[in-house]
Amino acid sequence: MHLRRPIDGGDLCAIYVHAGAGYHSTSNEKNHLKACNDAARIGMAILKNGGDAIEAVEMAIRLLEDRDITNAGYGSNLTMDGNVEGDACIVDHYGRSGAVGAITQVKNPIIIARQVLDASIQPLSLSRVPPNFLVGDGAVDFAETHGVNIIPNEYLVSAGAKQRWQNWRRDLLRAEAEERKQHETALTRANGHRSVPVTPAAISNRLSPPITPDSPNQYSVQPHNVSKHATADGPSMRYSKELDAYYEDDDTGTDDRLAMMAQSRKRPRTDGSSADDSEFGPIVDAETDPAQQQRIYLPPSDDQAQPPYRPQTEREDRVTDTVGAIAVDCFGRIAAGSSSGGIGMKHRGRCGPAALVGISTAVIPADPDDPEEASVATVTSGTGEHMATTAAAHNAADRILSCTRKAKGQLEPCNEDEALFSMIKNDFMKHPGVQNSPCQGAIGILAVKKTKHGVYFYFGHNTDSFALASMHSDERKPVCVMSRSRESGLIAQGARKCRARRASKP
């Protein structure tokens with residue numbers, strides 16, 4: 001490990017974080033961005049003091065885990081039996097990883113993932129191979145052995161998570177009752193009889209001779225009184241100007257230049273020549289689209305289709321996905337990590353994508369023979385099972401590193417912005433495993449490419465919104481953005497870049 005040292009004038013470091021892809025209500029938007037802002041600040045504080053990228057990633061994610069508004073650590077979604085089971089993964093600049101899955105009684109799963117990583121690079125006696133991925137009780141035992149406090153489950157359950165669990169449990173019971181009722185009706189109609197619930201008494205009536213009123217045993221079959229589950233379309237997302245005052249009073253930075261447009265036929269392309277090489281700037285030219293010159297919150301109009309995850313009320317968030325971070329330290333090393341509480345009402349022991357290397361988190365180390373010294377890190381958020389099917393994080397990193405996209409079954413050269421768009425559209429959304437699934441494929445990707453020329457940040461998502469923040473060592477405060485898609489299912493993208501400073505001649 002390198003010794004810590006203060007950064008000098010020729011160094012460049014950066015931190016990038018996200019708080020999940022999904023639907024962020026406008027009323028809670030500033031809370032999500034505040035969490036991203038604080039996570040970026042603490043990560044940058046470590047980097048500016050000569051800390052490692054892996055340390056900055058761990059601390060940024062720890063802060064996000066401690067915020068009950070995120071679905072990670074404290075306040076995570078609960079399993080069907082009402083417990084918190086967390087997943088986390090962290091990857092260093094060599095591509096080495098540590099991960100934990102379905103871990104209970106731990107407030108910060110990312111801490112255990114980091115400890116697993118540190119332990120995995122230490123030799124064991126008898127040439128045994130140290131693990132880099134632990135799950136369930138094994139992960140809890142490892143945490144306790146390494147001095148992490150093991151706390152009761154009730155101390156990990158926030159009021160919001162408990163309320164969500166109670167609502168989902170009630171909805172689940174209603175849905176199961178409705179399914180039973182429909183199944184019973186279908187059975188009786190198929191047999192040509194009147195609609196009578198399939199109960200032991202009904203079966204006895206079917207198999208026994210008719211019972212008269214004088215019979216000693218009389219059965220009274222009463223149909224179940226099951227109310228149908230009421231549904232209501234939620235209101236359209238509306239733009240709220242509360243954030244204007246928030247940003248004026250708070251230190252959170254907003255970048256009105258940051259391109260974040262939904263995908264359309266006339267999608268702006270990457271043009272690095274128009275950006276300022278001395279600082280972060282938008283790679284997409286704002287002059288190509290008038291909407292770029294205005295504030296970058298783009299709610300759908302009332303005549304557009306409602307997104308698939310639209311909540312019943314505007315105040316209700318639907319963010320049940322992974323949080324993540326990517327850091328580049330002053331030594332030029334890149335690292336990434338993810339953490340998540342998983343989907344709500346998940347099965348006990350379900351290991352989510354946040355614990356899987358190459359699915360939620362990936363790092364492609366720099367090749368010593370590469371003259372560009374390029375390395376890429378990606379973190380993802382979305383439908384975990386689909387991200388696992390498509391190896392989302394690794395495929396995104398590979399496409400961005402090689403600047404290729406799939407076209408007519410072949411790979412063709414392109415720029416990084418086009419590579420990310422094609423990965424979401426072709427490699428993810430059009431993947432047979434995603435298209436033939438009963439669940440919709442949702443994804444958000446945050447990617448960072450580092451070369452000897454600088455650091456380049458790209459993101460894209462097909463969800464309603466994506467909360468993220470970025471900051472480099474020349475900025476006084478993070479740039480926090482709630483990327484919103486113009487229409488559900490379209491791909492929204494954005495990018496920033498930071499040129500490396502040339503060493504001054506003596």
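Which residues form one aromatic cluster? In this predicted model, the cluster consists of Y16, F457, F459 and F466. The count of aromatic pairs comes to 3.

Confidence was considered next. The average pLDDT of the protein is 80, and 71% of the residues reach a score of at least 70. Over residues 202–249, the pLDDT is below 50, and this stretch has 66 contacts in the model beyond near neighbours in sequence. The pLDDT also stays under 50 over residues 254–315, for which 168 contacts beyond four places in sequence are present in the model.

In soluble globular proteins, nonpolar side chains tend to be buried together. The largest nonpolar core of the model comprises 47 residues, of which I15, V17 and I112 touch the most other members. When residues up to four places away in sequence are not counted, V17 touches C36, A39, A40 and A60, together with G324 and A325, and also L446, A467, L468 and A469.

Helix 9, spanning residues 392–402, packs against helix 10, spanning residues 416–429, at an angle of about 145°, and the axes of the two helices lie 8 Å apart. The crossing of helix 9 past helix 10 is right-handed. On the side of helix 9, A392, N395, A396, R399 and I400 make the contact, while helix 10 contributes E416, A419, L420, M423 and D427.

Methods
Residues numbered from 1 in each chain as written. Heavy atoms only, no water. Core = buried A, V, L, I, M, F, W, Y, C linked by side-chain atoms within 4.5 Å. Buried < 20%, exposed > 50% of the residue type's maximum accessible area, 1.4 Å probe, protein only. Contact = heavy atoms within 4.5 Å. Phe/Tyr/Trp six-rings, centres within 6.5 Å; stacked < 30°, edge-to-face > 60°. pLDDT = per-residue confidence, 0-100. Axes fitted to C-alpha atoms, helices over the stretch in contact; angles between N-to-C directions. Helix = DSSP H or I, 4+ residues; strand = E, 2+ residues; numbered from the N terminus. Left-handed = near helix turned anticlockwise from the far one by under 90°.
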